[in-house]
Amino acid sequence: MSRTRVPVALAWVVFAAVNCVLVYVLIGEETIPYHLIWASFALLYGLWEWPKRLTRPAFAIITVVTGIPLVMHAQSGAIGWSECSEIALMGVILALLVWHVDRHWAARDRLIQLRAEERRQAEQREIASRFGSHEVRTRLTIARGFAQLIADSTSDPDTKSDADVVVVELDKASALATNLLTLVRVVQPSPQTPVDVDALISAVVRRWSVTAGRNWITDTGVGCIAADPERLEALLDCLLENAVKFTSAGDDIAVSVAHAGKSLVLTVRDTGDGIPADELGKVFDLFQTSSNAGQRAGSGLGLAIVRAITEARGGSVAVDSAVGAGTCFTLTFPKFVGRKRVESAVAQAVAA
């Protein structure tokens with residue numbers, strides 16, 4: 001906008017000057033050029049914020065320059081004196097317009113300040129959460145190391161059993177700290193890069209299949225999309241961890257992803273225990289666990305993270321489940337970047 005201000009302002013000065021001349025020479029027909037001057041000034045004033053030292057002189061000059069010919073024409077009898085009321089009327093209208101536009105710019109500036117402050121506070125919160133989580137996990141790791149050392153070196157069965165419990169609880173606490181950090185970070189904007197979704201899903205499923213004896217099924221073929229690979233992987237880990245918890249050896253866990261018009265649909269389906277129907281509306285809430293989870297209940301953060309990551313990218317989540325028949329999570333994402341643009345970005349990344 002700053003590059004166009006000078007030429008636009010000069011064009012308006014020429015336009016206003018021509019119409020001022022017409023106001024003088026078009027005796028009895030000066031109304032049209034008179035209103036064109038004021039209308040163009042109002043339009044120009046609304047395009048960008050004017051400094052106060054320029055607004056008032058410009059307003060006064062236009063009032064005088066356009067008002068003098070009206071008075072002259074009224075004195076000559078070419079027009080009635082009532083026509084001169086246009087001077088006061090137009091001045092009041094434009095004064096109200098200036099006041100309204102100034103309030104608009106002030107509100108915009110205030111909004112910009114609030115957004116900047118919000119970004120600064122968000123950055124501070126993320127830094128604090130990262131630092132705090134790092135410090136907590138460091139101390140948990142140290143404590144776990146000592147507990148594991150006790151468990152490995154003791155010959156007393158009770159001591160070993162107690163130390164093993166401490167190790168397990170410290171692992172849970174470390175996972176909880178990691179999930180809390182993830183939940184804080186997902187609401188922040190993240191860079192979108194070309195991601196091979198098929199390869200990412202295969203890698204994540206392969207990692208989980210090593211530790212969980214399930215019948216793993218994948219159905220992919222969407223190629224590359226614009227996404228944050230770290231958050232997409234975190235989302236998949238949360239869904240697969242949930243599926244593993246509520247299934248047993250021999251159950252199916254299926255992961256599929258497909259294009260659906262302008263959207264991308266990711267589903268994770270299992271044939272496990274399922275979720276009671278009256279609890280489906282709360283599964284994505286913080287710290288909510290299924291009533292049939294028993295000792296398998298986690299922190300209640302995994303599905304909250306799934307929803308936060310999905311909605312932060314403009315998507316939606318849904319769940320369909322029946323007790324004893326399994327559960328299906330469906331995530332729908334808008335495709336922000338077209339296939340050609342993604343393929344081009346991938347080619348550039350490979351070339352680099």
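Predicted model: local features only at pLDDT ≥ 70, side-chain atom pairs only at ≥ 80, totals over all residues.
Of its 352 residues, 34% are buried. If we take contacts between residues at least 6 apart in sequence, 68% of them join residues at least 24 apart.

- T267 counts as buried because its relative accessible area, 15%, is under the 20% cut-off.
- The side chain of T267 makes a polar contact with the side chain of S256, at 2.3 Å.
- Setting aside residues up to four places away in sequence, T267 touches A254, V255, S256, C328, F329 and T330.
- D219 sits in strand β2 (residues 215-219), and with a relative accessibility of 49% D219 is partly exposed.
- How far apart are D219 and T267 in sequence and in space? They are separated by 48 residues in sequence, and their C-alpha atoms are 9.7 Å apart.
- D219 touches V255, S256 and V257, again not counting residues up to four places away in sequence.

**Helix α7 on its own**

- Helix α7 covers residues 229-245, 17 residues in total. From first C-alpha to last, α7 reaches 24 Å, close to the 24 Å expected at 1.5 Å a residue.
- D228 caps the N-terminal end of α7, with a side-chain oxygen 3.0 Å from the backbone nitrogen of E230.
- The buried residues of α7 are R231, L232, L235, L236, D237, C238, L239, L240, N242, A243 and V244.
- An α-helix has 3.6 residues a turn, so residues three or four places apart point the same way.

- Helix α6 (residues 197-211) packs with α7 at an angle of about 40°, and the two axes are 10 Å apart. This crossing of α6 and α7 is right-handed.
- On the α6 side, the contact is made by L200, I201, V204, V205, R207 and W208. From α7 come P229, L232, E233, L236, D237, L240, E241 and V244.
- Helix α8 (residues 302-312) and α7 have axes that come within 9 Å and cross at roughly 145°. The crossing of α7 and α8 is left-handed.
- Which residues of α7 meet α8? They are R231, A234, L235, C238, L239 and N242, and their counterparts in α8 are G302, L303, I305, V306, I309 and T310.

**Cysteines**

- How many disulfides does a search of the whole structure find? The search finds 0.
- C238 is buried, with a relative accessible area of 8%, whereas C224 is partly exposed at 25%.

**N19 in helix α1**

- N19 belongs to helix α1 (residues 2-25).
- Why does N19 count as buried? N19 has a relative accessible area of 5%, so this residue falls under the 20% cut-off.
- Leaving aside neighbours within four places in sequence, N19 is in contact with P33, L36 and I37.

Methods: Residues numbered from 1 in each chain as written. Heavy atoms only, no water. Helix = DSSP H or I, 4+ residues; strand = E, 2+ residues; numbered from the N terminus. Expected span 1.5 Å × (residues − 1). Buried < 20%, exposed > 50% of the residue type's maximum accessible area, 1.4 Å probe, protein only. Polar contact = N/O pair within 3.5 Å; in protein donor to acceptor, adjacent residues only side chain to side chain. Disulfide = S-S within 2.5 Å. Axes fitted to C-alpha atoms, helices over the stretch in contact; angles between N-to-C directions. Left-handed = near helix turned anticlockwise from the far one by under 90°. Contact = heavy atoms within 4.5 Å.
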